[in-house]
Amino acid sequence: RADLTPEEKGTISIFRHNNPSVVYISTVKRLVNIWTRDITEVPSGTGSGFLWDKNGHIITNYHVVENNKTARVRLNNKKSYTAKVIGSSKRHDIAVLKLEGVKNLPRPIQPGSSRGLIVGQKVYAIGNPFGLDHTLTTGIISALGRSIKNSTLDMDDLIQTDAAINPGNSGGPLLDSAGRLIGMNVA
């Protein structure tokens with residue numbers, strides 16, 4: 001292969017630095033057979049999230065864990081743990097999960113700021129679309145101050161990007177060109 005360009009090297013560096021902080025989240029629904037009283041667990045949702053701190057707090061979208069008290073969280077090392085949903089806001093489509101007793105967590109995402117963003121600025125989205133682990137999409141900020149108003153979401157002042165945000169990317173980080181968190185992928 002040809003030598004990598006400086007831009008490619010930068011993209012690879014951002015992905016490698018932040019990828020361990022991104023988690024895969026899945027939830028299950030319990031169904032009870034009314035005739036046999038057997039309980040069956042069936043998948044009810046999947047998405048992404050990211051480590052907020054070394055204390056095991058994970059940030060994701062509310063719609064990823066909606067109506068669940070716990071979720072399965074798979075780290076980059078392929079190990080899975082149960083996390084409690086400890087806080088949420090349906091209106092803001094945000095939820096906070098907590099891993100208990102998990103040692104040697106990866107480094108948390110580095111917070112940035114959504115203030116001062118400029119249309120045309122490069123962005124990176126890491127997530128788990130379609131159940132595929134840890135993918136990276138890149139793009140630019142297409143617009144600022146956007147709104148989503150539909151039957152499930154009513155949100156304002158959003159960042160619009162042309163980076164592919166597919167089902168399962170929800171809850172994953174949107175990063176700036178320095179690899180800092182500037183938003184969370186919603187739709």
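Below are legends for a handful of close-up views of this predicted model.

Before you look: this is a predicted model, where local features need pLDDT of at least 70, side-chain atom pairs count only at pLDDT 80 or more, and totals for chains, interfaces and linings use all residues. Residues are numbered from 1 along each chain as its sequence is written, and side-chain values use heavy atoms, leaving out hydrogens and water.

**View 1. How confident is the predictor?** The mean pLDDT (the predictor's confidence in each residue, from 0 to 100) is 89 for the protein, with 98% of its residues at 70 or more. Among the elements, β3 comes out highest at a mean of 97, while β2 is lowest at 83. Helices (H or I, at least four residues) and strands (E, at least two) are DSSP runs, numbered from the N terminus.

**View 2. Five strands make an open sheet.** Follow the order β9-β8-β7-β10-β11, with antiparallel pairing. Two strands count as paired if DSSP finds at least two bridges between them. At the edges stand β9 (154-161) and β11 (181-184); each has a single partner strand, so one side of each is left without a neighbour in the sheet. Neighbouring strands here are turned by 45° against each other on average, direction ignored. Those axes are lines fitted to C-alpha atoms (for helices, over the stretch in contact), and angles run from 0 to 180 degrees between N-to-C directions.

**View 3. Here β7 meets β10, with a helix lying across.** Antiparallel strands β7 (residues 122-127) and β10 (residues 173-175) are joined by two bridges, and Tyr-124 sits opposite Leu-175 in β10. Helix α1 (residues 6-18) lies across β7, β8 (135-149) and β10, at about 40° to β7.

**View 4. Leu-136 is a residue of strand β8.** Its relative accessible area is 29%, so Leu-136 is partly exposed; buried would be under 20%, exposed over 50%, and partly exposed is in between (1.4 Å probe, protein chains only). Leaving aside neighbours within four places in sequence, Leu-136 is in contact (heavy atoms within 4.5 Å) with Thr-11, Phe-15, Tyr-124, Ala-125 and Ile-126. Leu-136 and Ile-126 are 10 residues apart in sequence, yet their C-alpha atoms are 4.7 Å apart in space.

**View 5. Thr-60 is tucked away in strand β3 (residues 57-60).** Thr-60 counts as buried because its relative accessibility is 0%. A polar atom of the Thr-60 side chain lies 2.6 Å from the backbone oxygen of Ser-48. Not counting residues up to four places away in sequence, Thr-60 touches several others, including Ile-25, Asp-93, Ser-170 and Met-184.

**View 6. The largest nonpolar core has 15 residues.** Such a core is a set of buried Ala, Val, Leu, Ile, Met, Phe, Trp, Tyr and Cys residues joined through side-chain atoms within 4.5 Å. Val-23, Ile-58 and Leu-99 are among those with the most contacts inside. At least two residues each come from β1, α2 (62-65), β4 (70-74) and β6 (94-99), and β6 gives the largest share, three residues. Apart from this core lies another of nine residues, including Ile-14 and Phe-50.

**View 7. Arg-37 and Asp-157 have positive phi values.** Most residues other than glycine have a negative phi. Arg-37, in the loop between β1 (22-32) and β2 (39-51), has a phi near 65° and is exposed at 67% relative accessible area. Asp-157 lies in strand β9, with a phi near 60°; Asp-157 is exposed too, at 65%.

Conventions:
A polar contact is a pair of N or O atoms within 3.5 Å; within protein, one must be able to donate a hydrogen and the other to accept it, and residues adjacent in sequence count only if both atoms are side-chain atoms.
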